[in-house]
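Hello,

Here is the structure I said I would pass on. My notes follow it.

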Amino acid sequence: MPGPSSRPLRRRVLFQLALPALLLPFRAHAQADGDGSLARPRSRGRLIVAIGPAMALPAEPRGAGYRLHDPFNTAAAAMIAEELGMVAEVIALTGTGMLPARLSGQADIALPALLTRRTASRVMLSHPHAILDAVILSALPGRLRGPDALAGLRVGLLESHAYAFGRDAGLPGHALVSLLPDLPAMEEALLAWQVEAALLPAPQARALVARNPGSGLAARFALRPFTYAAAVRFGDHDLLRAVNACLADALHDGRLAALFRRETGLVLPPLAPL
């Protein structure tokens with residue numbers, strides 16, 4: 001008896017071999033169109049960047065107003081936009097409004113977003129672009145020798161940090177955490193002894209010390225590192241890939257470290273892609 005025909009098998013093999021070629025035009029079309037997240041800002045020639053208060057510093061000395069600015073992330077936004085063939089349009093936001101602005105489509109990207117699980121549940125995050133020590137700032141006499149010394153103390157925490165980390169942001173449970181809306185409110189609370197200590201990134205702590213000579217304010221110890229990244233809306237994969245490529249290039253050729261040193265006065269710690 002003749003064996004089973006091999007034609008069906010040959011047809012299946014030929015179809016599987018031909019399938020990539022058949023799908024190639026569709027794949028090329030999809031890749032060309034992408035998700036539109038990079039094409040939209042390029043079509044207007046502007047990358048709209050929401051910059052929040054997480055690394056913002058006082059722009060004037062005490063008594064001359066209280067305008068906040070973030071020179072590092074403003075410069076980083078300009079660098080990213082230039083690499084992508086655009087100019088940066090910066091929207092400065094206070095409190096916890098930065099990520100909602102990104103999610104609502106008001107901005108293309110948000111800087112600087114704290115790299116935490118809570119943040120990653122809301123947006124997509126780029127490779128890290130900055131790391132800062134978060135320090136305990138206090139005017140209490142004597143030495144605060146570590147987290148155990150915060151027992152029973154009222155410790156100020158910015159709402160933007162609580163939004164990213166949760167209410168305690170890594171502060172020990174025996175500290176009495178007080179949430180404050182922004183850096184000016186934190187400064188006044190420290191000077192009025194409404195809080196006895198504060199958890200702040202090192203440049204912000206250093207700025208408050210410089211603004212208040214004779215106050216006794218000093219950075220006592222580093223509690224934890226704060227790692228920052230750019231944030232984009234879920235689904236904006238084209239834009240995220242482009243931002244990651246810009247940051248990787250700037251990290252590799254030293255531009256990011258030079259920018260960080262120029263604007264913060266600190267050495268950029270080693271960064272690793274996500």
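Leu183, Glu187 and Leu190 of helix H7 are in contact (heavy atoms within 4.5 Å) with Gln204, Leu208 and Arg211 of helix H8. By class, the residues of this contact are 3 nonpolar, 1 polar and 2 charged. Ala, Val, Leu, Ile, Met, Phe, Trp, Tyr, Cys and Pro count as nonpolar, Asp, Glu, Lys and Arg as charged, and the others, Gly among them, as polar.

This is a predicted model, in which local features need pLDDT of at least 70 and side-chain atom pairs 80 or more, while totals for chains, interfaces and linings use all residues. Residues are numbered from 1 along each chain as its sequence is written, and side-chain values use heavy atoms, without hydrogens and water.

The axes of H7 (residues 183-191) and H8 (residues 202-211) come within 11 Å and cross at roughly 55 degrees. H7 and H8 are therefore oblique to each other; angles under 35 degrees count as roughly parallel, over 145 as roughly antiparallel, 65 to 115 as roughly perpendicular and the rest as oblique. Axes are lines fitted to C-alpha atoms, for helices over the stretch in contact, with angles from 0 to 180 degrees between N-to-C directions. Helices (H or I, at least four residues) and strands (E, at least two) are DSSP runs, numbered from the N terminus.

For helices H3 (residues 71-83) and H10 (residues 255-264), the axes come within 9 Å and cross at roughly 150 degrees. H3 is therefore roughly antiparallel to H10. Their contact divides into 8 nonpolar, 1 polar and 4 charged residues.

Ser138 lies in strand S6 (residues 124-138).

Regards
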